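Please read it beside the sequence and the model.

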Amino acid sequence: MRKTSGPDFSALRAGLDGQTGPRFWRSLEELAETDEFTHYLHREFPEAASEWADPTGRRNFLRLMGASLALAGVGVTAPGCDVYNDPPEKILPYVRQPENIVLGKALHYATAVSLGGVGTGVVAETHEGRPTMLEGNPKHPDSLGAIDALTQASLLGLYDPDRSQVVAKARAISTYDSFLGATLGVMDAQRAKKGAGLRLLTPSITSPTLARQIRALLAEFPDAKWHQYEPAAPHAARAGLKLAFGRDVSVRHRVRNANVILALDADFLANGVGRLADARGYGIRRDPGPDKNGMNRLYAVEPTLTVTGSSADHRLPLKAADVLPFALTLARKLGVSGLPEPPASTAVAAQARFIEALAKDLQAHKGKSLVLVGANQPPYVHALGAAINHALGNDGPDGTVEYAEPIEAEPVDHFASLADLCKAMAAGKVDVLFVLGGNPAYTAPADVAFAESVKKVPFKVHLGLYEDETAALCDWHVAEAHELEAWGDVRGRDGTVTIQQPLIAPLYGGVSAIELISGVLGHPGREGYETVRETWRDKTPKGQDFETFWRTSIHDGVVAGTAAAVVKVEPKADLGPVPAVETGEGFELVFRPDPTVWDGRYTNNGWLQELPKPVTKLTWDNAAFMSLATAERLGAVDGDVFEVAYKGRKVEAPVMVLPGHAEGSITVHFGYGRSRTGRVGSGTGFNAFALWTSDAPGFGPGASVRKTGATVRLASTQEHRNVDWNLPGNTAKERGIVRVATQAEYREHPDFAHHGEHGHEPKKGDTLYNADFPPPTPGSEPDYQWGMVINLSACTGCEACVLACQAENNIPVVGKAQVLNSREMHWLEIDRYYEGDPANPSVHHQPRLCMHCEKAPCEVVCPVAATAHDHEGLNVMIYNRCVGTRYCSNNCPYKVRHFNFLQFADLRTPSLALVNNPDVTVRTRGVMEKCTYCTQRISQARYAAEIKGGRIADGDLVTACQSACPTRAIVFGDIADESTAVAKLKADERNYGMLAELNTRPRTSYLAKLRNPNPEIETQTEPTHHGV
Amino acid sequence: MAQVFHPSMNTFARVTIFGAVFFAVGLLGVVYAVFRSPYMTGQYVAVDQPIQFSHEHHVNALGLDCRYCHTSVETSSFAGIPPTETCMTCHSQIWRDSAMLAPVRESLAKNEPIRWNRVHDVPDYAYFNHSIHVAKGVGCASCHGRVDQMPLIWKDQPLTMEWCLGCHREPEKHLRPREEIFNMKWAAASEREQLELGRKLVEKNHVPVHRLSDCSTCHR
Amino acid sequence: MASESLPRPGGRGDGEGHGDGRHVLAPGHTFATVTDKISALVLTRPFNWRWFAGFSASIALVMLLSMTVVNLLTFGPGVWGLDSPVMWAWDITNFVWWIGIGHAGTLISAILLLLKQEWRTSINRFAEAMTLFAVACAGLFPLLHMGRPWFFYWLTPYPNTMAMWPQWRSPLVWDVFAVSTYGTVSLLFWYVGLIPDLATLRDRAQNKLARIIYAVLALGWRGSAIHWHRYRTAYLLLAGLATPLVVSVHTVVSLDFSGGIEPGWHSTIFPPYFVAGAIYSGFAMVMTLAIPLRKAFELQDMITMKHLDNMAKVMLTTGLLVTYGYGMEAFFSYYSANTYEGFLQHNRMTGPYWHTYYLLILCNCITIQFLWLPAVRRNVYMLFAISIVVNIGMWLERYVIIVTSLHRDFVPAAWGMFRATFWDYGMYWGSIGLFFFLLFIFIRVLPVISIAEMRELVHETAGRNGGHGHGHVAGPEGASSSVTTGA
Amino acid sequence: MDDTAPIYGLMAEYTTPEALVDAAQRAYAEGYRKMDAYSPLPVEGLAEAMGFSHNRLPLLVLIGGLAGAATAVAMMYFSAVINYPLNIGGRPLASWPAFVPITFELTILFASFAAVFGMLGLNGLPMPYHPVFNAPGFAMASRNRFFLCIAARARKFDPAATRQFLEGLAPKAVVEVAP
């Protein structure tokens, strides 16, 4: 069923690229007026085209696109079926139907989405040639079938109506052809001087094709220079490993093998390269196993409370600067030789007992332990980490760490590289500059004057998805094609290559970096397709013909045997002098990429803006995070705006209290305060890059803060909901909503989850009515009984499931104002509970979605039977029957129902209509909605199975959240069949239903959380809900 | 003095009162009827098309199988509308210059789709799937009527939820053998035979009748 | 003119009306005087600036109402402060408040009738009218609170092309039936009571058009003895039917809450204390209306201190019942040792909405204790003030029950707050405007006091009301003259 | 007034209810049947005085109530159990306790209709035109006058004799009522 491209693809490109007209579009609306676009639509979305003919009908775009195939749904407002109330619909068949397109059936294509140059393999679901959903590619080593929020959300980026849609010369609209013309002119000039004045600035690049092209370019212009700059990448890791091994290597972790893990300011579960694979390894080991002793143990030492820290068995809040002395002290304890005296640190000294126990634990698990260091820490700490892992024998065979050839095409020090470029530009040595992607004008460190010096370049080109800060500085801006629109290739953490195939013709007619360079190299209009094939033609393995190799590679989403070669290295005995740990007056300022909008590339992405950031649950803003004590010392409460001064630079930032944050340290996130971005991102947050300097990329001392008196309302989906600091986590435990025990306690009381007041769950017999209403047809096959179990021990609160659910189920983005009014629509929310001491609370993550109660309180109170039960135990919600009394939500003890208070779903913006899943009704104003267990997937699976005459097998059917979850904490299936995975978990003694005491009989249940603390650090306590 | 009305008013009063009652009842009846009438459902209304395509001719006279054009009816939710190419497979040979077929040729030449008018339009929040109905033994004619007798296509059934439920509640009244699905002319010899056969087919094709009127069967 | 024989309230009664409050009807009234006095309010309509002032004010508020409704229908319920988890707030609060107020009318006319309380006579008519208008206002809210109000008819059973029916287990459907039945029966009850008075107005109307209209509405009533006989029977039967209906309506309304599983809703004591609360607020509202009314239209000798005194006593009684209800609620929440109930009560008293709770206690439980004192019950100003306070208190009661129960229920992560918006206020005040708008029109076109029943009262109290026989002393002349002038 | 002209009846006017009742009794005793009394307020025993005995209204109301209850139960049972059975929160299809409120409401509603429309129907209302309105001064029947009217159709009716008889009952006046 695979095909090298989307429907009728090359023809479409021809149809578009030939035209100069389309390049004059400002917006889709305007675009719609042009024949070219209608033309294009006829081909891409045939049945939609008529709609574009009349402007009034445009809002029905999605409807017509899908509905004429009786697939999509808008307009749940039409009562009954009176067709005369609907606009008469057209059916526009293809003229030539592309092979393997079956109208009404989804196709799946394997490709990859990159972040910081490193790709995550995905499988994209497309309907009539428009991608509507991304899922992890099980064959890809970095995905293993899972997907994270950022990767998922790049799908929305594809359709972003604010994306750049033009080629612009000095901000005036021009054409790609005239751009190439101009470029070739200056290139000829450069050829004369061997390209001495030619510079290339790119983000991190692992793409073999792009690398090949750039090298070709450099070959043609020997004196030209290639600079790289990626603001949020593991620079320190690269440098640290070089320091340890004397050469560039890439590192891979086998977290699965580790019994004891120490994360030194490393948020490896949710951030950075290989996060999904690492999280999987961690999650698998959160299972006590048959001997109830199989869990790994995670120690986290970090300033900011991260996903990793919140999942740790032991978390030590330390200022970022104290991590080095901590690591050094530990390393010496572990007998790493040749290490100097650690710099004095009272904070570390105070933790002698902790370090003692930790060292012992690590020693006890030689070869099966793992020390991870975060990108924020200076290279020296990374080197230490490598040394410790070596000392513990973790880098041995089937150990937990292995080193390989670097995967970057050209590993360099990005800060130096950028600095060089700026120096050269300032000196006027640069005549031609190509900025291929990235947004250095915004992301450059404050001490590197990119914006100023770039002005000195006579001919500068920016290729980007948006007309952003950098585009504004360049003479030429070329709209870039989105990764899902263009051919390319990208490598994963272990070097495995994925060939990226386009899923749709460039919506706004952009070109990829590959195509642009082809153009510059004098092959204008050469397809990325050609170029990429060319790269791989000579890489074809022996005895295999290229076409088969090519097709298999694309089909599988990975190119076999492209993983980087493992290298055997040993850390140097002497790591050199300890870098002076700056200790200055005032606060330590910690810089991090934002958990959702990253370095600003996703600022205009509604899904990510509204996605509650892990742990903090903040949306639509960044903030200066600090501990409760610090805030109290400053007399600050959430939303108080402070002026943060650092190294002579100032920004104004709202404060947000983050329990468990290190004392005297403040964390700020990048990616906000953009000056040039789209409708979604404008006016959100403050710009942390303005304070950031290249000499201290992770953190630095000496920040001072001053209260401005201004306040902003921070739209956190949870914090604003409890006014006082008696942390609701305690309440949640008292109520048996979250049930926690240590592995040791679990050995003592395997049934601990059912102790105590709220432990009792009514048995089947405890209620009057158990019969199935209405009774099944006699002699018919047994119905499936759908159910879900969520393993709280494995859940890290990374929010991947939330976004997957949003993408799958057409869940609208409501905006900051509505979130402030707690009207966010996420069907699946991850509750974060702090428990205990605000200075270092234990954190519990609990995904909360519709429980599909067998005795659903919501159904009984609905006056119109808009929510009822089907025979498979689904609590179904029929939007078009709902009149919106909201009684069901009031009567839902779990509060998992979400109401369309206003017209939240965007029915107007055509490009956003494209992203909707045609198998799910788009809800209008005034109706209730909630998790449906992905009933559309159940139906599709059923059709597939029953047409073949069989039944749905366990595993054939996964919900969106389940497929996304990196740690596989969510399991869904038929609980009536004991052989299924979910049924086995339901039988587990840790399985409990939230508020089951109400006799709601929830179908969604939880595996009580297990922690695995070190008894030498944490004196054993009874599970708190005992007798509470 | 005090007499306000003429004696006739007594009769008038009674008449109006009774009249009102009957009028109200009658009105309800009318509303009930109108909502089931072709005016609301579009039933039996032949829809004009850009090309006077006659199913009667192609199915009845030429004996084309439904699946020749509606290719995906057995595999997809959507039965499929033939691309212009399909028309041209024959019409590049026969009736090459017929004026009636000008739009088809134009479509191919201009690479612009033919704009058919939709006839069977299920509301967007109801998810109908052709393939499963075919697999379970629902014949084309059961919903689309005797297409082989329709010069211009029209809606043979009201397609109201009421109507859908009619069959979902008692499928045995409508199911037919697998091999007769695409046969326009097939009909059971008698009510009784249909019921016997229907019950057998319900068993054979695993039709979970009890589940067919669950909301989730059609709504998502 | 007959009025010459009228006792002059202005002379005797100052603002306070009659001092003693023994009489339900001032002495000296005859069939003629009551008839003339009451029908004059409608037929001759002496200019009354108080009426015009009030009427214009109410019209202004009706404008506000229409504005808020248009805005609501344009943008959806999101214009209100509603959120998750507080998906009901002012909308349902107002609904229950109005329905509660709607209870006094039918109660007074029905139950007091069965109990042969003659003091009901001069207040039942406008109490019933008040009921109708209150129910009308109440009806607005459940209708407009819906996300898609244009489908309200899906709550009623009718054969539709969707083959769908209402879901009979939902208290909301019970509401639809209870409220519409209550409205209909109240209307019938009111209209039946009006028939003889409409006949009177027909016979006394000077204006031709007015006479025809009243004649049509009077259905040709001629006071035949046999008609009267059946009429009394029907009226009594209606009263008998309306009595359980009144009780059932607020019971059903209370089931909206006690039918749910929310802590603070799921309570068996709701029905009785909702009914008590309804009567409480109902009488408060009657008081609020009666006091200005008797002053504005000089009806002090028909709505006497005796009435106010009795109503005050009813308020005191029901108020104490309600207080008991609150007490029990608090007690059970602790005594049940149920985590959620306990927390709920705790949160009501100490949570972010603590002030509403204590304000409610102050209004509904503390204030009315003054009514123990006869002196207070005889002081119209005090009574008026107290009745207003009680109206406020009863609104707060519903607010507390709905909002503070919802905003923090089972799952701490789902807790939230509610903040009312301008449109919440607008809709509430608008509905009050609508209420008074209708009331002011009613006062002008229909007798605010049942004339026929006042005649009965004259007849019954004849012996006791010291002196005058049956008014034929002053009757005929005045009467005939007034008729001849009319003819 | 011309004696030969057909009249509806003779009407005597009184100023007190007692007088009217007394007159009615005497007239009844005299053997007059086709007569009626008119008063501005219900007068105890007046109807009985004229021999009005049984009242069928209560029976109507009972029937109405039963009809209401039956309708409600039938409607709910048919829709929830027979026509479209749905699993609502795992409750039985015939959740009779939930059916009680509506049954009750409809009982009351139908009974009330029976009471009101039954009363009007039995009274033959609405009857906008009635001869008694022709009687001069009858307007006072809705204020403070009481009338006794003996219809010409009455068997014992004789213009002269009846008038004489009525005169004997100490009325305020006796007038002829035009048809």
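Is D:R33 buried, exposed or partly exposed? With a relative accessible area of 41%, D:R33 is partly exposed, where buried means under 20% relative accessible area, exposed over 50%, and partly exposed in between (1.4 Å probe, protein chains only).

## Basis of the model

This is a predicted model, in which local features need pLDDT of at least 70 and side-chain atom pairs count only at pLDDT 80 or more, while totals for chains, interfaces and linings use all residues. Residues are numbered from 1 along each chain as its sequence is written, chains are lettered from A in the order in which they are written, and side-chain values use heavy atoms, with hydrogens and water left out.

## Charged surface patches

D:R33 sits in the loop between α1 (17-30) and β2 (35-38) of chain D, and together with D:K34, D:R153 and D:R155 this arginine forms a positive surface patch (patch residues have over 30% relative accessible area and no salt bridge, and like charges are joined within 9 Å; a salt bridge is a side-chain nitrogen of Lys or Arg within 4 Å of a carboxyl oxygen of Asp or Glu).

In chain A, a surface patch of negative charge gathers A:D954, A:D956, A:D977 and A:E978. A:D954 lies in the loop between α32 (935-948) and α33 (960-964) and is partly exposed, at 41% relative accessible area.

## Buried residues and cysteines

A:D974, in strand β36 (residues 970-974) of chain A, counts as buried at 9% relative accessibility. C:C137 is also buried, with a relative accessible area of 0%.

The whole structure has zero disulfides over all chains, a disulfide being a pair of cysteine sulfur atoms within 2.5 Å. For B:C87, the nearest cysteine sulfur, that of B:C69, is 6.8 Å away.

Methods: Patches are made of residues with over 30% relative accessible area and no salt bridge: like charges are joined within 9 Å, nonpolar side chains (Val, Leu, Ile, Met, Phe, Trp, Tyr) within 5 Å. Accessible areas come from the Shrake-Rupley method with a 1.4 Å probe; for residues, only the protein chains shown count as cover. Lys and Arg count as positive and Asp and Glu as negative; His and the chain ends are not counted. The place of a charge is taken as NZ of Lys, CZ of Arg, CG of Asp or CD of Glu. Helices (H or I, at least four residues) and strands (E, at least two) are DSSP runs, numbered from the N terminus.
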